[in-house]
Amino acid sequence: MRLKLKIKPEDMGDIIPPDEVLADAASYAMMELVARHLSDRNGSHANRRGFPRSDYWQDASESVHRSHRGKTAEIEIDKEGVALHYEGGTVLPKNGGRALAIPLAAEIYGKRPSEWSGFNRGDESDSDDVLQMFWPKGSPHGFLKDRDSSELLYLLVPRANIHADKTVLPTEDEFIDAVREAIL
Amino acid sequence: MTAAEKILAKVAVGSRLNSVQWRTIQAGLRDRASFSAQVVNVQVVKAMQRAAAGHADGALDLSEARKQIRQALLGEGYHRPEGQEGTIVDLMSQRRLDMKLKTDVQMARGWARMVDGMSPGAIYAFPAQRLVRVRDRRVPRDWESRWRLAGDRVGWNGASREDMTALKTSPIWSALSIFGNPFPPFDFNSGMGLRDVPRKTAIELGLTTREGVAKMVEEAKEAKPPEFNGTLAVKVEPDEGEYLKDRFGDQVNVEGGQAKWVPDAVPNAIRAGNAADLGGGLTVDPEVVAGLGDDILNLLPSLCRGGRANPILDLLGGGVLSAIIVGGKVTEVRHENP
């Protein structure tokens, strides 16, 4: 999911200048502000479960780009999930799956259950012989555990609600300040 | 051009070169190639290229991108190296795939940001940039020493000695990179990136003046928009050209002191009846070849020359391996003594 911002001159009052170079400077400054904001967010948002950093927000910062120049600043963030964090929403399992899998151990963070299958380990068969599902009767949650050690590896939930977080992007005042500094 | 488009514009090149050997290929040519250390099979390289582009575009997360590459590897009959599963030499390992995908995507994004940052308006607002840590590392490298070494090498042209900051046009950026690129990443898994530095700060640091910025803007206006094309030729010295031909065969064209990558060299060579040039004594019926797709044709040399055939030929004491193709699939490989 991508996030695309379209900032037109009328949104910015009269601060976008008619001069081509200054208009270019203004749109670049907005793009730079978004990238810097996301990079700072990466530094201040440690993983809540204490897992190793995935540097998700730094990746998002590096994915920021302008797709158009001129008087309309169009900025895109090509990072999956950023729009969901900004707008909020409900995440449901993909491809008709029964549940979402949330990793419970640091070493498997960023690894999907499907990557444990024989297929992904390079075996000839597509057997899924490493993980075992455990779903207590009547419980809204289930687990995937290691078949051998019985260690719980994933929490299974039918859906996840993500609250909208407008701090994902800089504020309007920050955009205006960035543009002013760039062109004055 | 977006990062994803940049990745897809490269020419997929198969080679036995390891990452250190790849660094001996000049940056201009290396940056136009999509490759992975010691991966000969072009189909696998192409699958990696597609997955990296999908990840750069935000369409695939790392897990999905890894899955696509693993499927391609299995489709090409890849077997994990015994006793080295999970290590960097194992093409299916998460470690290897993440390194490949992250480096490719970061490099393409670094290039795209550099190009955008050289527009007249971007230069006016931010004529300089600073090297900063953007990802934590358990054992961080000493980038201040590297900065001093790179600065000495380029005579501190447009670069600050006190602060790891330099004009965007300074040669220090290429000197800093083990890849020879003026954009991040500057090393594998380095955790270092760039921050734009505003005009006011660049002037305060003594890197430029108001007049200097105006001159840079004028130069940026005059500059041709950088284009990226995987088959663009670069200048090479005669011995460099010989080295390239020796390492890449028909995948590189060296002519008149210039070298360029040749896309789909392998299928084209087979179709043109030059299969013998591909080495390994590849023998394929031309009538059969006419009906085959690039994916199958790309597979043949790796079967007969590269990946799996070499050890087989070594065991057999040389000879000729020929592929039997039924319905567009290699069903049997035959061996004949010379």
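Trainee: Which residues are linked in a network of salt bridges?

Mentor: Bearing in mind that this is a predicted model, the network of salt bridges links Asp59(A), Glu62(A), Lys79(A), Glu80(A) and Arg135(B). One of the pairs is Lys79(A) with Asp59(A), whose closest N and O atoms are 3.8 Å apart.

Trainee: Where do Lys79(A) and Asp59(A) lie?

Mentor: Lys79(A) sits in the loop between strand E3 (73-77) and helix H3 (82-87) of chain A, while Asp59(A) belongs to helix H2 (residues 56-62) of chain A, so the pair ties together parts that are 20 residues apart in sequence.

Trainee: Buried or exposed, what does Lys79(A) count as, and what about Asp59(A)?

Mentor: Lys79(A) counts as buried, because its relative accessibility is 5%, and Asp59(A), at 15% relative accessibility, also counts as buried.

Trainee: And which residue forms a salt bridge with Glu62(A)?

Mentor: That is Arg135(B), and the closest N and O atoms of the two are 2.9 Å apart. Glu62(A) and Arg135(B) are both buried.

Trainee: Which element of chain B gives the most to the side that touches chain A?

Mentor: H5(B) does, with seven residues. The residues on that side of chain B divide into 18 charged, 13 nonpolar and 11 polar.

Trainee: What is the area buried between the two chains?

Mentor: About 3,500 Å² is buried between chain B and chain A, and carbon and sulfur atoms give 43% of that area. In terms of residues, 42 of chain B are in contact with 44 of chain A.

Trainee: Staying with salt bridges, what about Glu218(B) and Lys221(B), how far apart are their closest N and O atoms?

Mentor: The closest N and O atoms of Glu218(B) and Lys221(B), which form a salt bridge, are 3.3 Å apart. The two residues are separated by about one helical turn, because they are three residues apart in helix H11 of chain B. Glu218(B) counts as partly exposed at 43% relative accessibility, and Lys221(B) is partly exposed with a relative accessible area of 43%.

Trainee: Changing topic to the fold, how many helices and strands does chain A have?

Mentor: Chain A has five helices and nine strands, which follow the pattern β-α-α-β-β-α-β-β-α-β-β-β-β-α along the sequence. Of its 184 residues, 43% count as buried, and among the contacts in chain A with a separation of 6 or more, residues 24 or more positions apart account for 61%.

Trainee: In what sense do E5 and E8 of chain A pair?

Mentor: Strand E5 (residues 100-103) and strand E8 (residues 152-157) of chain A pair in the antiparallel sense over four bridges, and the bridge partner of Leu100(A) in E8(A) is Val157(A). Strand E7 (residues 142-146) of chain A is also paired with E8(A) in the antiparallel sense, over four bridges, with Leu144(A) standing opposite Tyr154(A).

Trainee: Which residue takes a positive phi in the hairpin of E7(A) and E8(A)?

Mentor: Ser150(A) does, with a value near 65 degrees, in a hairpin that has five residues between the strands.

Terms used
Residues are numbered from 1 along each chain as its sequence is written. Chains are lettered from A and ligands numbered from 1 in the order in which they are written. This is a predicted model: local features need pLDDT of at least 70, side-chain atom pairs count only at pLDDT 80 or more; totals for chains, interfaces and linings use all residues. Side-chain values use heavy atoms; hydrogens and water are left out. Contact means heavy atoms within 4.5 Å. Buried area is the accessible area (1.4 Å probe) that two parts lose on being put together, summed over both. A salt bridge is a side-chain nitrogen of Lys or Arg within 4 Å of a carboxyl oxygen of Asp or Glu. Ala, Val, Leu, Ile, Met, Phe, Trp, Tyr, Cys and Pro count as nonpolar, Asp, Glu, Lys and Arg as charged, and the others, Gly among them, as polar. Two strands pair if DSSP finds at least two bridges between them. Buried means under 20% relative accessible area, exposed over 50%, partly exposed in between (1.4 Å probe, protein chains only).
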